[in-house]
Amino acid sequence: MSNRFNSIQSEFQVSYRYEVFFTKHLFALGNSVISNFFDFQEQEGTKKKVLVVVDNGILEHQNHLLDSIHSYFETNVTSVQLVKNILTIPGGENAKNQNEFWELVSSAISEYGIDRHSYVMAIGGGAFLDMVGFATAVSHRGIRLIRIPTTVLSQNDSGVGVKNSINYLGKKNFLGTFAPPIAVFNDSSFLVSLDERDWRSGIAEAVKVSLIKEETFFRWIESNVQSLVNRDIGVMEQLVFDCARLHIEHIRSGDPFEFGSSRPLDFGHWFAHKLEYLSNFSIRHGEAVAVGIALDSIYSFLSGDLEEKEYLRILRLLLGLGFTLNFPILLEKGKENLEIALEEFREHLGGKLTLLMLDGIGKPKEVYSMDQSILMSAFDIMVNFQ
């Protein structure tokens, strides 16, 4: 039999482009950032629709937000049509835990006739954006998504990336997509109303990216600890910008859809994900990441890769920022779950364990296994560190 019909090979590339805008008071009538964006996108043709989905927790602090959105579109935007009813859904990790929430978004997409060339505008924290992004990516095989992150964590990390996900079968981010947004708008005025824990939580991702990407950024965070603790919005704006810059540079130059096993931006995350579940998500993602950073930094030191003075700088920075390294749930269940967390992360990576440790501040190093005795010692040092 001839082999001429045995296979057809196909290879193609798809180019993605999106911009992250930095502004204040996004929906003030004098702010033209969004209206200019839509004018550029929709220069001709049928007027497209915009469905806005809002994390309802924001409305507790900005109770005029919905009115501001309506007024802004009525006054400033002529190139697209705002769907009259703005969908409000609870945010936080619970938004990713219950199927009813992403199904609500998909139902609204169907009800209001949001097609592939229309827009979903999601306004909220990182978990909320993950959920809305997932619903948007699987509806009509992908609708144009605009993200407006409202927390430090989402503005400097998750909200500017290409991933969307929900939690399923008791596993964090088990269902998800790689679907880049069409644009991200970071409005620093949303950060002012954050509580202390949410303000602090996002700083952990900045510490993470500085440790694996840029020592000068780490030193900058060290020198601005007090300003960050005192909620200096100008300093926070700089931190968000630099962290987002490093995050996007990595996505652009690395493996954005994670075809390989290497996941540099997950430094400190393999145990953080487990800690969130152990605490029933009472521990914020950034708080858990701070613990994961501390654990992996100590492990790097005990393995002979990181100098003692460097791991001490890292832990002192985390404590100086107000993070906790000895939550009661850590003392109760943390140690017995270390190996379980490693195995779950190995499965998440596709079977091959590839972790990032530190060979110095700003100098990452890939490892493919962890010594259990060293890991247990690192855990003990962490929870007893003062």
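Buried means under 20% relative accessible area, exposed over 50% and partly exposed in between (1.4 Å probe, protein chains only). The model is predicted, and local features need pLDDT of at least 70, side-chain atom pairs count only at pLDDT 80 or more, and totals for chains, interfaces and linings use all residues. Residues are numbered from 1 along each chain as its sequence is written, and side-chain values use heavy atoms, with hydrogens and water left out.

**View 1. Phe-281 in the loop between helix 12 (269–278) and helix 13 (285–302).** Phe-281 is buried, at a relative accessible area of 18%. Its phi is positive, about 65°, although Phe-281 is not a glycine. Most residues other than glycine have a negative phi. Helices (H or I, at least four residues) and strands (E, at least two) are DSSP runs, numbered from the N terminus.

**View 2. Asn-173 in strand 8 (residues 171–178).** Asn-173, a residue other than glycine, also has a positive phi, near 60°.

**View 3. Asn-31 in the loop between strand 1 (19–23) and helix 1 (33–41).** With a relative accessible area of 10%, Asn-31 is buried. Its side chain reaches the backbone oxygen of Lys-24 at 2.9 Å. Beyond neighbours within four places in sequence, Asn-31 is in contact (heavy atoms within 4.5 Å) with residues including Thr-23, His-25, Tyr-72 and Asn-76.

Note on methods. A polar contact is a pair of N or O atoms within 3.5 Å; within protein, one must be able to donate a hydrogen and the other to accept it, and residues adjacent in sequence count only if both atoms are side-chain atoms.
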